[in-house]
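The report below describes one chain and then turns to its contact with a second chain.

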Number of protein chains: 2
Amino acid sequence: MIKLDKLNRNERIAGLMHILTSKPNFIFTYSYFCNIFNVKKPSISGDITIMKELVEKLDIGTIETISGANGGVKFMPKVREEDTKKLLRDLCLKLSTPDRVIPGGFIYMMDVLYSPNIVRNLGKIFSNKFIDKKVDCVVTIETKGIPIGLMTAENLNVPLVIIRKNSKITEGPTVNINYISGSTKKIQTMSLSKRAIKEGSRVLVIDDFMRAGGTIKGIYEMMMEFGAEVVGTGIFISTIEPEKKLIKDYTSLILMEKIDEENKKIFLRSNYEKLK
Amino acid sequence: MIKLDKLNRNERIAGLMHILTSKPNFIFTYSYFCNIFNVKKPSISGDITIMKELVEKLDIGTIETISGANGGVKFMPKVREEDTKKLLRDLCLKLSTPDRVIPGGFIYMMDVLYSPNIVRNLGKIFSNKFIDKKVDCVVTIETKGIPIGLMTAENLNVPLVIIRKNSKITEGPTVNINYISGSTKKIQTMSLSKRAIKEGSRVLVIDDFMRAGGTIKGIYEMMMEFGAEVVGTGIFISTIEPEKKLIKDYTSLILMEKIDEENKKIFLRSNYEKLK
């Protein structure tokens, strides 16, 4: 661990800002900071009091102090309402250009789903939405939802779990579930290592796209096999049709109204209202 | 965009610290900051001068100012040498417990590969290593290397590209490559959307594990098909055997010496020296 002597309060606060914001929702103990900055606890307490007000003024999130044996300080980042609104509106525009129409009723969106600058914010939005659910881990299924899932997990400071579409030797013993994909109507398999999730875990499910919800329903069944509880489901884009989904409670950020393949038109709509 | 009036210099510096460190390697213009903090350019210039010294003092990276029309300020985070050393040593220990031995000569490491707190640092290490290579995008192949790949891409502020193991309808027209996996000796296919990479791109290849290098060689061939240039290859764990790999230049963080399945022993060694 690095030692930083002889920093004044303002330098310490900038340093604390760096440390706290680079590891969201992680509880740092006061002694950790005392050690790094080589000052006594009252100095750090004073810094934190100043920082609490400052992050509120800057409108970037909240700093929480936790008392007790496992106590300390953590920072929970937020995405401002107007920034969320703008991001979703911008993404609807970006994703509905004619060149993105892929035959079969699909949208090309790999560039968006794999862009660190975009998924970082989507992860923050989902973590803000589900922060009160006491999530133990984020679960997604390979492949396209992984970046959003990872960023959500990062902001909640919990592990990510990735369900595979086929049983892999590197996973050790697995639990396998057969499910019917709502779109293709084909029977598919999903597979997860038996040691991936502890019984009783509170799980947040994240995925990039949902039509009927067959895949998500499969994930729910998988979680039941592990004795885990699904406490939330976040989807990047869900379709309007079919209206009746196979699952109930979910939060999607963008609604896909339809794709007009012939005229190469994609109709997307921000689902911002649902987020609040 | 939020407006922050009436902040004093120290508050602005803490705010700047938050903004710059949450988006590594991204060039922020001076006018962006002038706008947010509602001050004139000389004030921001003064703040940045102070910050340059401060991040050096804190030993968290470097702040660079870029002049010219596309000029501005960016922050490049670093992982300190002693922290890298410690992380790799800790990971060798963590990954070599007997319960991780999976029949067939594999290590269970999903928990490590999908942990935001771990892959965040691995991404920083790789971005530090390849920062001078003028990388245009990070390329990985699904699935286990995606989190490290994403974090590397985030720190370099470039897009991530994920090669699929099967051609997917959602990718549109694809380029497909057959390759022989060094470990299984089976012919496999990898597939990438034709629009995923621009000709002339400088590509950094990231993967979680390499034995003979067949998969990485396949990725190189794929990049040739796209007219892209591989400027670096970062591997989390590579094996000592076979000594002769199918590719030459690569940087691996950890070396796997052997797995003794019978006695459930895994022999890993930090490859820290190779990083320098």
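In chain A, 63% of the contacts with a separation of 6 or more join residues 24 or more positions apart, two residues being in contact if their C-beta atoms, placed from the backbone, lie within 7 Å. This is a predicted model, in which local features need pLDDT of at least 70 and side-chain atom pairs count only at pLDDT 80 or more, while totals for chains, interfaces and linings use all residues. Residues are numbered from 1 along each chain as its sequence is written, and chains are lettered from A and ligands numbered from 1 in the order in which they are written.

Chain A has nine helices and twelve strands, taken as DSSP runs (H or I of at least four residues for helices, E of at least two for strands) numbered from the N terminus. Its C-alpha trace spans about 65 × 45 × 30 Å along the principal axes.

The contact between the chains takes 45 residues from chain A and 46 residues from chain B. On the side of chain B that touches chain A, α1(B) gives the largest share, nine residues; the residues of that side divide as follows.

| Class on the chain B side | Residues |
|---|---|
| Nonpolar | 24 residues |
| Polar | eleven residues |

How values were computed. Nonpolar A, V, L, I, M, F, W, Y, C, P; charged D, E, K, R; others polar.
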